[in-house]
Amino acid sequence: MSDADEIVMDGFLDEETVPGDLHGLTARFRLTVSPTDERADEMILPCSVADPQMAHQVLHELTPGDQLRVTGYFRLPRTPDEPMWLVVTALSLLQTAPQPADTTEPADPYDSVIERCGAYLHYVDGDTGGVEVWTEAGAWVGWADTPGELTALLDAFEHGQAPGGE
């Protein structure tokens with residue numbers, strides 16, 4: 001792609017970033033983009049980062065709600081069931097997400113949620129922060145005490161070293 005094909009967009013990081021591969025050398029995230037301040041004009045744009053240094057920044061330095069400026073080019077679908085996404089070639093943090101006010105009661109750090117991460121599905125327990133993981137075919141992968149331990153769990157599973165010798 002040439003620089004003439006690249007576009008620049010500003011938006012907000014929609015949710016937690018995820019590794020795009022087993023080793024965290026790539027990253028994926030979703031950007032909420034609104035060309036106007038009208039909610040009806042908003043769109044969620046899937047983005048991917050292939051540069052390992054930028055992927056590290058995306059995975060370890062960004063938080064949901066951060067305002068970003070991304071430069072990249074669209075990867076158009078090749079089949080009707082394939083999504084369109086933005087391949088990010090440059091990224092700037094414009095503004096960090098506002099931090100919640102300090103309260104006397106500790107906030108619940110997690111919401112219960114089921115998410116897809118590549119060929120895996122994981123359930124984050126809102127009460128404990130633990131994560132249960134399955135393959136998309138329904139095979140049990142394992143349990144991580146925190147979302148931060150997912151990479152190690154998936155790495156062990158893919159190398160045939162699942163807990164219990166499975």
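Buried residues make up 30% of the 166 residues in the protein chain, where buried means under 20% relative accessible area, exposed means over 50%, and partly exposed lies in between (1.4 Å probe, protein chains only). The model is predicted, so local features need pLDDT of at least 70 and side-chain atom pairs count only at pLDDT 80 or more, while totals for chains, interfaces and linings use all residues. Residues are numbered from 1 along each chain as its sequence is written, and side-chain values use heavy atoms, with hydrogens and water left out.

**Overall layout**

- The protein chain has two helices and ten strands; helices (H or I, at least four residues) and strands (E, at least two) are DSSP runs, numbered from the N terminus.
- Along the sequence these elements follow the pattern β-β-β-β-α-β-β-β-β-β-β-α.
- Of the contacts in the protein chain with a separation of 6 or more, 41% are between residues 24 or more positions apart; contact means heavy atoms within 4.5 Å.

**The sheet of β7 to β10**

- Four strands form an open sheet in the order β7-β8-β9-β10, with antiparallel pairing; two strands pair if DSSP finds at least two bridges between them.
- β7 and β10 (140-144) stand at the edges with a single partner strand each, so one side of each has no neighbour in the sheet.
- On average, neighbouring strands of this sheet are turned by 20° against each other, direction ignored; axes are lines fitted to C-alpha atoms, for helices over the stretch in contact, and angles run from 0 to 180 degrees between N-to-C directions.
- Strands of a sheet pair through backbone hydrogen bonds, either parallel or antiparallel.
- Five bridges join β7 (residues 113-117) to β8, and Cys117 stands opposite Tyr120 in β8.
- The hairpin of β7 and β8 has two residues between the strands, and Gly118 in the turn has a positive phi of about 65°.
- β8 and β9 (residues 131-135) are antiparallel and share five bridges, with Leu121 opposite Trp134 in β9.
- Six residues lie between the strands in the hairpin of β8 and β9, where Gly129 takes a positive phi near 85°.
- Four bridges link β9 and β10 in the antiparallel sense, and Ala144 in β10 is the bridge partner of Val131.
- In β8 (residues 120-124), Tyr120, His122 and Val124 make up the covered face, whereas Leu121 and Tyr123 make up the uncovered one.
- In a regular strand the side chains alternate between the two faces of the sheet.

**Helix α2**

- Helix α2 (residues 150-158) lies across β8, β9 and β10 and runs at about 150° to β10.
- The buried residues of α2 are Leu150, Leu153 and Leu154.
- Seen down the axis of α2, these residues fall within an arc of 95°, so they line one face of the helix; the arc is that of the directions from the helix axis to the C-beta atoms.
- The buried residues of α2 pack against β8, β9 and β10.
- Gly160 follows α2 and has a positive phi, near 70°.

**Helix α1**

- In helix α1 (residues 52-61), the buried residues are Met54, Ala55, Val58 and Leu59.
- Viewed down the axis of α1, they fall within an arc of 130°, so they line one face of the helix.
- Exposed residues Gln53, His60 and Glu61 are on the face of α1 turned away from its buried side.
- The buried residues of α1 pack against β2 (18-19), β3 (27-33), β4 (43-49) and β6 (85-95).

**Thr17**

- Thr17 is in the loop between β1 (7-13) and β2.
- With a relative accessible area of 12%, Thr17 is buried.
- The side chain of Thr17 reaches the backbone oxygen of Val58 at 3.2 Å. This is a polar contact, a pair of N or O atoms within 3.5 Å; within protein, one must be able to donate a hydrogen and the other to accept it, and residues adjacent in sequence count only if both atoms are side-chain atoms.
- Leaving aside neighbours within four places in sequence, Thr17 is in contact with Arg28, Phe29, Val58 and Leu59.

**Nonpolar cores**

- The largest nonpolar core has 19 residues, and those with the most contacts inside it are Phe29, Val49, Leu68, Val70, Val88 and Leu91. A nonpolar core is a set of buried Ala, Val, Leu, Ile, Met, Phe, Trp, Tyr and Cys residues joined through side-chain atoms within 4.5 Å.
- The elements giving two or more residues to this core are β1, β3, β4, α1, β5 (67-75) and β6.
- A second, separate core of nine residues includes Tyr120, Val133, Val141 and Leu150.
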